[in-house]
Amino acid sequence: MKSLMLPIAAVALLGASLEVAAGNPARGQQIAAQVCAACHGDDGNLVLAPDYPKLGGQHADYLVFALKAYRSGDRDNAVMAPFARDLSDQDIRDLAAWFSRQDSYLVDMPSSRRR
Ligand code: HEC
């Protein structure tokens, strides 16, 4: 029995560490509910204004990229940037894990609005 338990424990541990590296959606949900929901909705799909971006179903790597850009000032937006400023790398990964797992209502931009 012991010889079987060890590999199982090792796999469980590996799973847990991969989860952290990829972001923890449950923790992301908590931050989203407290900080982001007012403008983006709990699941990233109920936006406060039509020009506020939907986050639900967005690619996790893009969400990480965008949040880091607001945090560093590379993306300078007076409304959004203050909410990214205090996020840690782990917060960002967790938020990306949460929003990327939600239903997606993302659509291609109409050709009339493309530059
Ligand atoms: C007060 C309203 C408000 C709050 C609160 C807010 N955001 Fe935003 N967010 C915006 C607006 C407005 C934009 C669009 C800014 C722009 O045009 O660059 C935006 C843009 C974004 C983008 C870029 C999306 C894209 O498609 O490029 C991400 C990602 C994002 N917000 C995540 C978050 C997260 C995560 C939180 C919570 C930690 C949060 N926002 C809190 C208003 C808000």
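## Notebook: the ligand shell and helix α2

I started with the residues around the ligand: α2 and α3 (60–72) each supply at least two residues of that shell. I am working from a predicted model, in which local features need pLDDT of at least 70, side-chain atom pairs count only at pLDDT 80 or more, and totals for chains, interfaces and linings use all residues. I number residues from 1 along each chain, as its sequence is written.

**Entry 1: the shell.** Which helix gives the largest share of the shell around the ligand? I found that α2 does, with six residues. The shell holds 18 residues, and C36, C39, P53, N77 and M80 come nearest. Here a residue is near a molecule or strand if its C-beta atom, placed from the backbone, lies within 6 Å of it. I sorted the shell by type and got 15 nonpolar residues, two polar and one charged. In this sorting Ala, Val, Leu, Ile, Met, Phe, Trp, Tyr, Cys and Pro are nonpolar, Asp, Glu, Lys and Arg are charged, and the others, Gly among them, are polar.

**Entry 2: the chain.** I counted five helices and zero strands in the protein chain. Buried residues make up 23% of its 115 residues. A residue is buried if 20 or more other C-beta atoms lie within 10 Å of its own, exposed if 12 or fewer, and partly exposed in between, with C-beta atoms placed from the backbone. I then looked at contacts, meaning pairs of residues whose C-beta atoms, placed from the backbone, lie within 7 Å. Of the contacts with a separation of 6 or more, 68% join residues 24 or more positions apart.

**Entry 3: α2.** How far does α2 reach between its end C-alpha atoms? I read 16 Å for residues 25–40, whereas a straight helix of 16 residues would span 22 Å at 1.5 Å a residue. The expected span is 1.5 Å times one less than the number of residues. α2 bends by about 55 degrees at A33. That bend is the angle between axes fitted to the seven residues ending there and the seven starting there. I listed P25, G28, Q29, A32, C36 and H40 as buried in α2. Some of these sit three or four places apart, so I looked up the rule. An α-helix has 3.6 residues a turn, so residues three or four places apart point the same way. What covers the buried residues of α2 includes α4 (81–84) and α5 (89–100). Just after α2, G41 takes a positive phi of about 85 degrees.

**Entry 4: C39.** I went back to C39, which is found in α2. Is it buried, partly exposed or exposed? C39 counts as partly exposed because it has 16 C-beta neighbours inside 10 Å. Leaving out residues up to four places away in sequence, C39 touches V47, L48 and Y52. C39 and M80 are 41 residues apart in sequence, but 9.3 Å apart in space, C-alpha to C-alpha.

Entry 5: α5 has 12 residues and reaches 16 Å from its first C-alpha to its last, close to the 16 Å expected. Nine of those 12 residues are buried, and they include L95, W98 and F99. I next took the largest nonpolar core, where A32, L63, L67, L95, A96, W98 and F99 touch the most other members out of 13 residues. Such a core is a set of buried Ala, Val, Leu, Ile, Met, Phe, Trp, Tyr and Cys residues joined through C-beta atoms within 7 Å. α2, α3 and α5 each supply at least two residues of this core, and α5 gives the most, with six. I checked L95: it touches G28, I31, A32, L63 and L67, not counting residues up to four places away in sequence.

**Entry 6: two other positions.** G57 sits in the loop between α2 and α3. G57 is partly exposed because 16 other C-beta atoms lie within 10 Å. Beyond four places away in sequence, G57 touches S100, Q102, D103, S104 and L106. S72 lies in α3, and S72 is exposed because 12 other C-beta atoms lie within 10 Å. I noted that S72 and R85 are 13 residues apart in sequence and 7.5 Å apart in space, C-alpha to C-alpha.

Note on methods
Helices (H or I, at least four residues) and strands (E, at least two) are DSSP runs, numbered from the N terminus. Two residues are in contact if their C-beta atoms, placed from the backbone, lie within 7 Å.
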